[in-house]
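Reader: I am new to this structure and would like to know what the terms used for it rest on. Please go through them with me.

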Amino acid sequence: MVRETWGSRVGFVAAAVGSAVGLGNIWMFPMRTGLYGGAAFLIPYLILLFAVGVVGLTVEWTLGRATKGGPIEAFAKALPGGKYLGLLVNVIMIMIFAFYSLVLGWILRYFIASLTGELAGVNPGAFFDTLAFSKEAILWQFIVIAITVGIVAMGVQKGIERANKIMMPALFVLLIILTIRSITLPNAYEGLKFYLLPDWSKVMSGKTWMIALSQMFFSLSVLGTTMVVYGSYLKESDDIPLSAIATAFGDTAVAVTAGFLIFPAVFSFGLEPTAGPGLIFVTLPMVFQKMPGGILFGALFFLLLIFAGLSSTVSMLEVYVDSAITKLNLNRRNASILLGLLTFIVGAPSALNPSYFEWLINISTVYIGPLGALIAALALIRLGVEKAYEEVRKSALIEIPGIWKPWVKYLYPIVIVVIYISQFILG
């Protein structure tokens, strides 16, 4: 079977940015920025992104291109028992998509409620409580999974690449429109001050740096899954280092701009930036209710979240669809439908049971998920750092310094282990 490839470098970067950009950028990044001191969180995040995140992208794309396969294929070629480790990260990706599709289903429902004006006349907290864990939520979760299946079933170029070429520019345009509106609100200056002027005592906090590091890995999708698969679709003529920098920049641009959208609006109406998980489901809908033209801007905001979320769910499903095509000889359409149904079966109980929802999140993103990045790093090391260095330099327009080799071999795996352990220490 001939392996699919990206149609163009722009298409690949759009898909990679689409995978990286998600609710983690527009929901989790502003939430954590609010909780950890605004600019005091932003500074370490930006430093770590380009010191560690770009390296992580080159590691996983190089592994994918060198082995011409997703996690099962790549890990099997490099590590003893690697195919079972690859199977493990595939299962973890099913679990991540299962809970993520529920959250995106809530957002889809909010978009419809904003579009019809329904959200303008209700208490946002009560609206969310009614929706969050209910039979209605199952319907919206199913719709999200069905849309994702439809895109993935069309293939790498006609489905994933084409969809991201539409969604990513639309996402940036919507984000800019909403940000301009937000920073022109009365008293928006207080939000900008919170976001841009750091509390240096918090900047020097080890906890702030560890949370920023964890956020960076999650945001870039450096988990030994999606980016390995996307790397396997690269041609020998594709530039890995430049694409990594472009992806990191695009991902960060969305996250940072989301802060310029959210914090001026929150401060303008006297609400708390430390609202945590309720920021987009309770706090911001309250802002839209009070804002002139809020119905329109609320609808645009949730449409923005839908584009961000779908670009991520597409990359999640592609991980195990690729494995099914490669290992089970299923055609893409059947693999997409069957595995979409499997995801729905795994995820549907989370729409009714908050304890199961929390369990899915913890097991997939805290306890096991980060190990995927470590396995990918170890797999690349086992293939040979010198060989990997030559692979990452192929067709590269910028010279990769030799320090890449010891960084990938020693420091990068240590960073992942530190993140993993810190999650338990910091809770």
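Reader: Which helix gives the largest share of the nonpolar patch?

Author: In this predicted model, that is helix 13, residues 240-268, with 3 residues of the patch. The patch as a whole is formed by Phe-50, Leu-242, Ile-245, Phe-249, Leu-397 and Ile-398. Together these residues have about 560 Å² of accessible area on the surface.

Reader: What makes residues part of a patch?

Author: Each must have over 30% relative accessible area and no salt bridge, and nonpolar side chains are joined within 5 Å. Ile-398, with 34%, is over the 30% cut-off.

Reader: Why is Ile-398 called partly exposed?

Author: Buried means under 20% and exposed means over 50%. Ile-398 has a relative accessible area of 34%, which lies between these limits, so the residue is partly exposed.

Reader: Where is Ile-398 placed?

Author: Ile-398 sits in the loop between helix 19 (385-393) and helix 20 (404-426). The protein has 20 helices and 0 strands.

Reader: How do you know that the protein agrees with a compact globule?

Author: For 427 residues, the globule rule gives a radius of gyration near 22 Å. The protein has 21 Å, so the value agrees with a compact globule. The C-alpha trace spans about 60 × 50 × 40 Å along its principal axes.

Reader: How many of the residues count as buried?

Author: Of the 427 residues, 59% do, the cut-off being under 20% relative accessible area. The accessible surface of the protein comes to about 16,000 Å², and 71% of that belongs to carbon and sulfur atoms.

How values were computed. Residues are numbered from 1 along each chain as its sequence is written. This is a predicted model: local features need pLDDT of at least 70, side-chain atom pairs count only at pLDDT 80 or more; totals for chains, interfaces and linings use all residues. Side-chain values use heavy atoms; hydrogens and water are left out. Patches are made of residues with over 30% relative accessible area and no salt bridge: like charges are joined within 9 Å, nonpolar side chains (Val, Leu, Ile, Met, Phe, Trp, Tyr) within 5 Å. Accessible areas come from the Shrake-Rupley method with a 1.4 Å probe; for residues, only the protein chains shown count as cover. A salt bridge is a side-chain nitrogen of Lys or Arg within 4 Å of a carboxyl oxygen of Asp or Glu. Helices (H or I, at least four residues) and strands (E, at least two) are DSSP runs, numbered from the N terminus. Buried means under 20% relative accessible area, exposed over 50%, partly exposed in between (1.4 Å probe, protein chains only). The radius of gyration is taken over C-alpha atoms; the globule rule is 2.2 Å times the number of residues to the power 0.38.
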